Amino acid sequence: MTVVVVADAAGAFAENKDVARNLRRELLVPALAGGETVTIDFGGVELATQSFIHALVSDVIRSMGPNVVDSIAFRNCNDAIRGLIEIVVEYSQEGLQDEE
Amino acid sequence: MPNSAGLQNIEAFVRRLDTSDLSNLRVSFHDRWVAVHPVVLAAVACAGALVTQNGGKVSSEVPKVATLPYLVVMRLFDWLGVNPGISVTEHEAAGRFIPLTQIRTDADLAAFMVKVTPLLHGQPHQREAVNYIKYVVSELVRNALEHAASQVGAFACAQYYKNTKRVSIGVADAGIGIQASMSRSHPVRSSLEAIELALRPGITGTTARYGGTEYNAGAGLFFTKAIARASRNFFVIYSGDGLFKLRKGSSRVEPVIQADPKMDPATWRNEMPTWPGTVTGIDVSLEAGRTFAQLMSAIGDVYHREVAADKKARYRRPTFT
């Protein structure tokens, strides 16, 4: 299992989308494509933007399909970050529905 | 620059602009009093930088007004290249404002963010307010950096008003403007129409597809508007000749976050003097209100209700451990 520690790359305020994209491309996608489960650990992150969460996970869901959500666990999320993740995960699947 | 220009009466500043000659900037002031929102300072500094970058001429009078020291400590005259004739010790106001800052890179933005927490040190509801302010600054400045192609980057500043327990933020760029940005993927006939589209969640100028690209979701301005609406504050977007102003709305009605900006209490104006880029201003209250987590929950409800209500039953849910 791969663990992605967001704070190590993005700090306490996760807002840099380039950082999110790099985490996705370099860690999330290879692990998920290899059939691993991935834990995204938000410990130490006090605040994130929707743009950051989007750049981190949206394209994973769109490119790999909705089933990939079952292979990702989000750990140590505060309530605000949890709310953001739920929004992004939902509308990312919305986009898939539109493409069907 | 008028004697008074907050977000509630930002038209007092905008209507005085003449942007017909971008090689020449002349700044004049009300002769007795100048009290303006940071968005006005950001716009004027940005204009000064643009004209200077273009090899043009910037000139400004130095107003003999009681608020001159404020304009000096906010570094307005630094960006206009004009000697104000006085020097002001900043220590008394330190921590209560973030002066005009040019932001071109991630590092510039990060340095600006560092100043947000001291801005509110020791104030009530500090933690939640800092979250809100960092969030909106990030979204507004990143919009400018990623979409505007501004030659001078973005200019930002902020001011904490202790009496009203409010932080006011202004961001301005001299880029392509929202209409040109949205036109890359959507048919828009005016700046105002482009602003309306940009405020809707899931729509971005980088793709015609709902929900955006792998890098842009098209929801930054929607979230920012939601923050202003939830706390019953003003939010202004001025781009090209279009101006959108979210008003506070009735205090007797609980504010509702809307996906459709036409449902908001707002003023829409076109045929304003054309701004060569985009200017955004927002106020954030420090008073007790919705926590950031509660706001995210409310925004999530909007997505459920208005964007995906008929399909959500098929969605898989994220797992939290």
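This is a predicted model: local features need pLDDT of at least 70, side-chain atom pairs count only at pLDDT 80 or more; totals for chains, interfaces and linings use all residues.
**Entry 1**

Strands here are DSSP runs of E, at least two residues long, and helices are DSSP runs of H or I, at least four residues long, both numbered from the N terminus. Two strands count as paired if DSSP finds at least two bridges between them.

Local features need pLDDT of at least 70 and side-chain atom pairs count only at pLDDT 80 or more, while totals for chains, interfaces and linings use all residues.

**Entry 1: strand by strand in that sheet**

I went through the pairs. Strand 1 (residues 2–5) of chain A runs parallel to strand 3 of chain A, joined by four bridges, and Thr2(A) is opposite Val38(A). Strand 3 of chain A also pairs in the parallel sense with strand 5 (residues 72–75) of chain A, over four bridges; there Thr39(A) has Ala73(A) as its bridge partner. Ala73(A) in turn stands opposite Thr319(B) in strand 12 of chain B, and two bridges hold that parallel pairing of strand 5 of chain A with strand 12 of chain B.

Which face of strand 3 (residues 38–41) of chain A is covered? Val38(A) and Ile40(A) make up the covered face, and Thr39(A) and Asp41(A) the uncovered one.

Contact means C-beta atoms, placed from the backbone, within 7 Å. Angles run from 0 to 180 degrees between N-to-C directions, with axes fitted to C-alpha atoms, for helices over the stretch in contact.

**Entry 2: Asp79(A)**

I looked up Asp79(A), which is in helix 4 (residues 79–99) of chain A. Asp79(A) counts as partly exposed because it has 13 C-beta neighbours inside 10 Å. The scale is buried at 20 or more other C-beta atoms within 10 Å, exposed at 12 or fewer, and partly exposed in between, with C-beta atoms placed from the backbone. Leu47(A) is 32 residues from Asp79(A) in sequence, and their C-alpha atoms are 9.9 Å apart.

**Entry 3: the sheet of chain B**

I found an open sheet of seven strands in chain B, ordered 5-6-7-11-8-9-10, with antiparallel pairing. Strand 5 (97–103) and strand 10 (266–269) of chain B stand at its edges, so each has a single partner strand and one side without a neighbour in the sheet. The twist averages 5° from one strand to the next.

I followed strand 7 (residues 166–173) of chain B, which is joined to the antiparallel strand 11 (residues 275–285) of chain B by eight bridges. Gly170(B) is opposite Gly281(B), and Asp173(B) is opposite Thr278(B). Strand 6 of chain B pairs with strand 7 of chain B in the antiparallel sense over eight bridges, with Val171(B) the bridge partner of Ala156(B). These two strands form a hairpin with four residues between them, and Lys165(B) in the turn has a positive phi of about 50°.

How many residues of strand 7 of chain B are buried? Seven of its eight are. Helix 7 (residues 126–147) of chain B lies across strands 5, 6, 7 and 11 of chain B, at about 10° to strand 7.

Key. Residues are numbered from 1 along each chain as its sequence is written. Chains are lettered from A and ligands numbered from 1 in the order in which they are written. Two residues are in contact if their C-beta atoms, placed from the backbone, lie within 7 Å.
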